[in-house]
Amino acid sequence: MNQLSDISKVPGAQADPILKIAVLAVGGQGGGVLSGWITALAERNGYHAQATSVPGVAQRTGATIYYIELKRIDPARPERRPVFALMPAQGDVDIVVASELVEVGRALLRDLVAPDRTVLIGSSHRDLTISEKQVPGDGRKPPEAIHAAAAALAQTFICFDMMALAKDHGSVVSSSLFGALAGSGALPFPLEAYRAVIEASGRGVKQSLAAFEAAYLRTTTPELEAAETAATAPAAPELTGPAALLRDFAALRRRVQDMPETVRPLALAGLHKVVDFQDVAYGSDYLDRLEQALTGDKSPFAFGAAAAKYIANAMAYDDIIRVADLKTRSSRDARLRRDFATNEAEVLAVTEYFHPRAEEVIGLMPRALGQWFDARPKAQKRLDRLVNRGRRLRTDRIGGFTLLWMLGGLRRWRRGLFRHAQEATHLDRWLALALDVRARDHALGVEVLKCRRLIKGYSDTHARGQSKFDRVLGALDLVTGRDDAADWIRRLREAALQDEEGEALDGAIKTVKSL
Amino acid sequence: MAERSFKKEVQMLRYGAGDVFAGEGILAITKALLQSGVGYVGGYQGAPISHLMDVLADSQEILGELGVHYEASASEATATAMLAASVNYPIRGAVAFKSTVGTNVASDALANLASGGVTGGALLIVGEDYGEGSSIMQERSHAFCMKSQVWMLDPRPDLPSIVEAVEHGFQLSEASNTPVMLQVRIRCCHVTGAFTAKDNIRPPMTVKDALDAPKRDLDRIVLPPASYLHEQDKINKRMPAAIQYVKEHRLNERFGAGTGKVGIVCQGGMYNGVVRALQRLGLADDYGEGDVDIYCLNVTYPLIEDEFLAFCKGKDAVLMVEEGQPDYIAQAFGAMLHRAGARTRLLGKDLLPMAGEYTGQVMLDGLRRFFRDHAPDLLSAQDIAPNAAPVPTELAGLADVVPGRPPGFCTGCPERPIMAATKLVEQELGQHHISSDIGCHLFQIMPPFNLGATTMGYGLGPASASAFNDSAANRRSISFIGDGGFWHNGLTSSIGNAVFNQNDGVIIIVDNYYSAATGGQDVLSSRAFNRTKSTNHPIEKAVRGMGVNWVRQIDRTYDVARVRDTLKEALTTAETGPKVIIASSECMLNKQRREKPQRAKAMADGKRMVVPKFGIDDEICTGDHACIRLSGCPSLTLKYTGDPLRDDPIAHIDETCVGCGNCGEVADAAVLCPSFYQADRVVNPTGFDRWKDRLRSAWRSRLQSHRDASRLQYARG
């Protein structure tokens, strides 16, 4: 502690500058492993290294930074340690590794990436934040701006889905990030040295090495990117069933072929959905409604396209029969095995979480009986006391499966049930309204159709969606006649999707009222 | 069992003279304690000191061999009071905790300890949690040293300096009969490096020796008239002795040519940042060598007047680099210059920010301005008149698409369902005043839960609701406290206070079997067996013993409906006095760490194991995300189906799910939607399992093909 420096060496450009590396990670996701590897890599290959981090609650799933500095050992004075800094400074980092795309963005916002020197390595996958996930609509932030800024502001930007690649090899993202780092050539160490570090780490070495090699290859062979995108073209759904029904369905498909080109893909998807929901005759009903919507529509058939989408969604409403049907199909069994079982020998036990209320039971009643209950809140309450309870059903077992299978079989009588009557009335009223509005303002008619998006969820959530739908359409009178009426309804709808309670919607309606 | 094990690393603590010790800062501190002949150690966990406590816990065997007594103290106050063992006996003792929250708790003991003074060296290692990533209020520990007359060491953040600081700390303490505080900043605690070790030293006097030959000295007890003498002693004897020791051993360092017209004074902890700025200005090489004079304060209290004035002699201007506020050091130095009639200008917070962390950019800007104003000849033309870099246009708007990522509950956290239940109760009974506490449960204040109005300190959740006690009010207050805070001081400060003052509020004790937020250390109520500590003391017994009559113990927090109903009952019952709900389930992070290797081994051995996971049926989920708003689980995320008929992404459970059951329970309790299911994978099934499965599969297939024969459906992936 008491050495007094008397060396007055003239500082200047140095042959072996300090290399500065920042690792931006999501807490608990391998940032520590990666920084440990980088430190070991340097120390085993003739470098001084120093790593720091801020552990603690910041690491409980939050964004966190690891920071490493390296300098080649001076053979003339190998004992002398450089003075390393303990945190990354703006514009003074050589390599930034970000374990996720938003963390790439964060590195840019923190000015850690300098255009003249920083190699930026980031995984393109998204680990969505709670602020994005909790939005009732689609809260995901668009990734394009981050990609563009990173490409423009980094000296080199290496970016691909390193998480998916790691998973493909049974490993975690730190392995593929390390591979991309090796592939970037930003550090003066040979490939072998990287491998040796992983081999010495002692846990999951085989998988780590596999992910490492794959990421290295992907980084050094950019052509692989094109191959990846080409390989993922979606396959068209294939319909199976009795020949007679397939013939009937073919006739329906021909009706779709006569529709405008912009409407066709949605109409076909919608047709599939409603037939899957009920039967071929229901598909015919769907096309009847759609054709009605297309009459009087004009190119580019925005009204028809919206109708194709939302009529299908409205017709394939979420009731107990649909849920029971979907949960007892053979395709679901296959999917569960694929998603959860790792080999043939394993057995799966499946528990469903149900919580029916009186409303759902009344929905399953024949129309008249349902109406009787619906009009009598007291009877409804008594029924609710009887049924309203969480029920766990084991659908791998014979009893639980058979019960659901039979509920799914109610499909045959669905058209006569109370819920269907309610849904059909609601649908027809909404469609008539849209057509009526369209006659006066085409764009506004399209927006009325699109408001169907607000109705989703079950029980209270469904009720809330319904109320938002009503409130948005309730504002129709306020905007009708304005040039920008359609735009206002679109804004109201988007506001309704921003939060659960509809606070943004209330604000937006207030604005509309002040117009 | 702590979150991180140092079992392997602690073997380095046995290193002898000449061995090169490489590791993290905290490990170096532990080794330095042993090299200094420490007789007893203790402390309380909390970043950045948690790992130090974990290292000590993992090195109990080595400590035992050396005759060193180790304690995991009940609180920072307990830890500091423990240093009383050095008051009458020449035994060296060290305690560690985080600052300033820990220092606040410890301050009563610290003041008493400092007043009477010590015989054996007493060292307080405080982890300074300041700056980015900190979880506490931003204050300085420096003030505690000034008010209690405790010396403060702030070594340069590299391992040899830290080790020397520990060794000198004990000697300084003994030379001046004063406790010494060793400040290590958070990054310094976790910095990697190396130093040459010395042999460990057995304490010349152990606590056993002291117990067997007790001593007392009335002069050291804080009671009039001794307390008045203590104050005089501090000023007339202890401080001068300390100053003499610091000067003699040249604890403060000087770097540079020694002839400059300007100079920099910095806290030891700021040294590397200062050098980095000098490196970037072309004024130092990578080894920190250069012409600029630096006076590096490895001791920041007391300040050495003549040393400082000598440094300033012949200098036109000196820059004081002092992080945090108020700028106590600069104020003291300013007074010294003034008294001496010196003409040297002292700059500090006029060039550097008064508040906030001294990051690389802050330091570079501050130093550049200092040299530009006072020694422009040292700077390059570029640095004298730097071009203001324009903000790249690409960054405009980027902030809107880069959402924050605050810390939150881990996957499978047992505290999540408690918050979900609280939210459900609020949906039914309206919003309540909620007092939060310190611990993982404080994440309740973040989205998606948005619960809690204040946090007043560790173990003080219920105490901070104590004013909200009025029988005329229609609602009761709800307060949270964790098991860590409960045992730290909550039992008396919060529970006892509520009983005594007949508080009608509801107290939820979040019991996850560990002091979880600090890294999973054991507490009294931990359910694990601990070889050296007494655990398994139920919180319920303590609460009842304190006089609470309405107590509900919930042993599975994932039962959301039960937590909800219990909380509702607590808020509405006619019973008076505090209503205490103890919600217990093991911290998932620790549970996984404990069970995962066992499970993997059992599976590999061919044993039957059931592995639960949760899933969501894509077609049944409607994409309203109500489930996410009651969960926030990292494994519950969104999926884009590519279905042209869907506008919004659906909920999806990824492979990191640990099968805690929260999703299903919330879906049930909140009546959300039937898309959740639990898939239990039976690994290594028995013959009976397989027979049942064959039977069931056959039955299912039969019914399925019966239906498939009369309908159209398209093959789903």
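**A buried lysine in chain B**

B:Lys579 counts as buried because its relative accessibility is 0%, and buried means under 20%. The model is predicted. B:Lys579 belongs to strand 20 of chain B, which covers residues 579–584.

The side chain of B:Lys579 makes polar contacts with backbone oxygens. One is the backbone oxygen of B:Glu575, at 2.9 Å. Another is that of B:Asp504, at 3.0 Å.

Chain B as a whole was then described. Its secondary structure comprises 25 helices and 25 strands. The C-alpha trace spans about 100 × 70 × 60 Å along its principal axes. Chain B has 717 residues, and 60% of them count as buried. Contacts with a separation of 6 or more were also examined in chain B; residues 24 or more positions apart account for 77% of them.

The accessible surface of chain B is about 27100 Å². Carbon and sulfur atoms contribute 54% of that surface. Chain B carries 74 positive and 82 negative side chains. The centres of these two sets lie 5 Å apart.

In chain A, an unreviewed UniProt entry lists residues 264–472 as "domain: DUF6537". This span is 69% helix and 6% strand. Its end C-alpha atoms are 29 Å apart.

Conventions:
Residues numbered from 1 in each chain as written. Chains lettered and ligands numbered in written order. Predicted model: local features only at pLDDT ≥ 70, side-chain atom pairs only at ≥ 80, totals over all residues. Heavy atoms only, no water. UniProt positions renumbered as here; feature names shortened; annotations may be inferred. Helix = DSSP H or I, 4+ residues; strand = E, 2+ residues; numbered from the N terminus. Buried < 20%, exposed > 50% of the residue type's maximum accessible area, 1.4 Å probe, protein only. Contact = heavy atoms within 4.5 Å. Areas by Shrake-Rupley, 256 points an atom, 1.4 Å probe, with all protein chains shown as cover. Lys, Arg positive; Asp, Glu negative; His and termini not counted. Charge placed at Lys NZ, Arg CZ, Asp CG, Glu CD. Polar contact = N/O pair within 3.5 Å; in protein donor to acceptor, adjacent residues only side chain to side chain.
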